[in-house]
Amino acid sequence: MALFDNPFDAKRRLARGGCSCGAHASQAAHDAEQAAAPEGEAALERAVEGAVMRALFPHDAERRAFLRSVGAATALAAVSQFFPTKFAAEAFAQAGKPEKTDLKVGFIPITCATPIIMAKPMGFYEKQGLNVEVVKTAGWAVIRDKTLNKEYDAAHMLAPMPIAISLGLGSNPQPYTMPAVENVNGQAITLAMKHKDRRDPKDWKGFKLAVPFDYSMHNYLLRYYLAEAGIDPDTDVQIRAVPPPEMVANMRADNIDGFLAPDPVNQRAVYDGVGFIHILSKEIWDRHPCCAFAASETFIKETPNTYAALLRSIIQATAYASNKENRKEIAAAIAPANYLNQPLTVVEQVLTGTFADGLGQVRKVPDRVDFDAFPWQSFAVWILTQMKRWGQLKGEVDYAAVARQVYLATDAAKLMKQDGFTPPEATSKTFSVMGKTFDPSKPKEYLDSFKIKRAS
C-alpha cells in the first residue's frame, strides 16, 4: 500500500514493498496509483493516518477485519477522537522549508554513489523541494578539499573519510558526519590476466596493487585479506592510491598487478579483457559498508531543514535501489556520460549481480552490491581499529565517542521512521570479517589479536 493511500480501505494492505516510496511490491504498482494520490496537506494527513493505523494494528489482517466490521467512517471518527491526525499532519508540515534549495553534491563516478547519482535524474531531490547539481569529481582528495572549502554542500565519500577528516588525518581537523551509508558490498579484488594462475595470495609477494585512497574500505579490506594470508601489506607488496577512473588504464599499461576497487571498475576490466575478478569484497566481509553520504557539522547546524530534506532524498533513493527489481532501470539512469560514463551492460552486470568474471564463467550474485542507508556505529569502530592497526591513527582513541559523533545513526533512524521504514533499534552490532567475529565493545582486544600490524 502506498504511503498516501487510504488506510481506512479494508481492501488494501499496509504492507511495504520495493518501490520509490517503499510501499509497493513493484514500481509498476506505485506508478499506477500516483495519479490518484492526494497532494499537499491532504497527503501529509493521509501519511499520518497510515502511521496511526499501522501502530494500532501491527497485523494487517486485524486492521482489515476491524474495518469490515465497523466501516471506514466509524473507524476514522474513532481514531480522530483520540489522535488528531489533521493537527499532527500540520505539525509535520511545519518541520521547516529548506533554508537553501540550490545545492552542489560531489561524487566519484562509481556505482557506490548510486543513490546520490540516481536521485537527480529520477527526481528524488526534487520531491523534497531541492535543486541539486551532482558534480562528477576526479578523485577523493578533490572531493575532500572541495567539501572542506564549501564548494560542495555535501558529498559522496568513502566510509572512513568523515572519520579521518574529523580526526585531522590527512587534512586539518573539521567536525564531519556520515548520516547515511551509500552502499554495502560492491567491491572486488581484480587481477591482471597474466596472473590467472596465481590465485593464492600467499604467492603475491612483490605485487603492485592499487586502492582508491588511503582512508578507504578498499585499503583496509585489501590489507586484511593479505595479512590473513601471511603477507605484510607494507613490506611484501606495494599498495598505491589510484583514482578509480584510472585503474583499468594502469592495469592495461602493466603499472599494477591488481586492485581492490569499487565497481564498475572491476567489471570494466573484465569487459576490456585486461583483468579477472579474483574475489568479491562480500566474500571477505558480507554487507560491509563502502561509500557514504557525508556532510559537515557546520552544514547541518546552519541549514538543518536543508540537511533533513537532502538526507531524506538519499534515504528514499537508497530504499528504491535496494529493490533488485529496480536495478536495470537505475543502471540506465546512471550509465550515461554525465554520470558513470560506462557501457550500460557493464553497469547492469554490477547492479543485477549476473556478471562475467573474466575467467569464462557467468556468476549470479544478486547482492554483489546492495544498498542499506543505516550508518551502524560499529562500522566506525571497526574502521578505527584498522586505522590504528596500520599506523594511521596514533595514541589513545575513544572508539565509541568518535563513532557516535561521526556516524549519525539517530538522524537516519528518525527520518526512516518518518518515511514509513523500520530502522534497527540498536546502533551497533557484531559481524564477521573472514570468519573472525568483531565485537564493537572490545576494540582493543580485537586490535591486539592481529599478528601483522603496525600498532604497538
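Predicted model: local features only at pLDDT ≥ 70, side-chain atom pairs only at ≥ 80, totals over all residues.

User: Where does Gln392 lie, and which residues is Gln392 in contact with, leaving aside its neighbours within four places in sequence?

Analyst: Gln392 is found in the loop that runs between α17 (377-389) and α18 (399-406). Once its neighbours within four places in sequence are set aside, the residues in contact with Gln392 are Leu169, Asp214, Tyr215, Asn219, Tyr220 and Met387.

User: Thanks! How are α15 and α16 oriented to each other?

Analyst: The axes of α15 (residues 327-334) and α16 (residues 344-352) come within 9 Å, crossing at roughly 140 degrees. Angles over 145 degrees would count as roughly antiparallel and those from 65 to 115 as roughly perpendicular. The crossing of α15 past α16 is right-handed. By the angle, the two helices α15 and α16 are therefore oblique.

User: And what classes of residue make up the contact of α15 with α16?

Analyst: From α15 come Arg327, Lys328, Ile330, Ala331, Ala332 and Ile334, while α16 brings Leu344, Val347, Glu348, Leu351 and Thr352. Sorted by class, that contact has three charged residues, one polar and seven nonpolar.

User: Lastly, what share of the protein's residues is buried?

Analyst: The protein has 20 helices and 16 strands, and exposes about 18700 Å², with carbon and sulfur atoms supplying 51% of that area. Of its 456 residues, the buried share is 56%.

Conventions. Residues numbered from 1 in each chain as written. Heavy atoms only, no water. Contact = heavy atoms within 4.5 Å. Axes fitted to C-alpha atoms, helices over the stretch in contact; angles between N-to-C directions. Parallel < 35°, antiparallel > 145°, perpendicular 65-115°, else oblique. Left-handed = near helix turned anticlockwise from the far one by under 90°. Nonpolar A, V, L, I, M, F, W, Y, C, P; charged D, E, K, R; others polar. Buried < 20%, exposed > 50% of the residue type's maximum accessible area, 1.4 Å probe, protein only. Areas by Shrake-Rupley, 256 points an atom, 1.4 Å probe, with all protein chains shown as cover.
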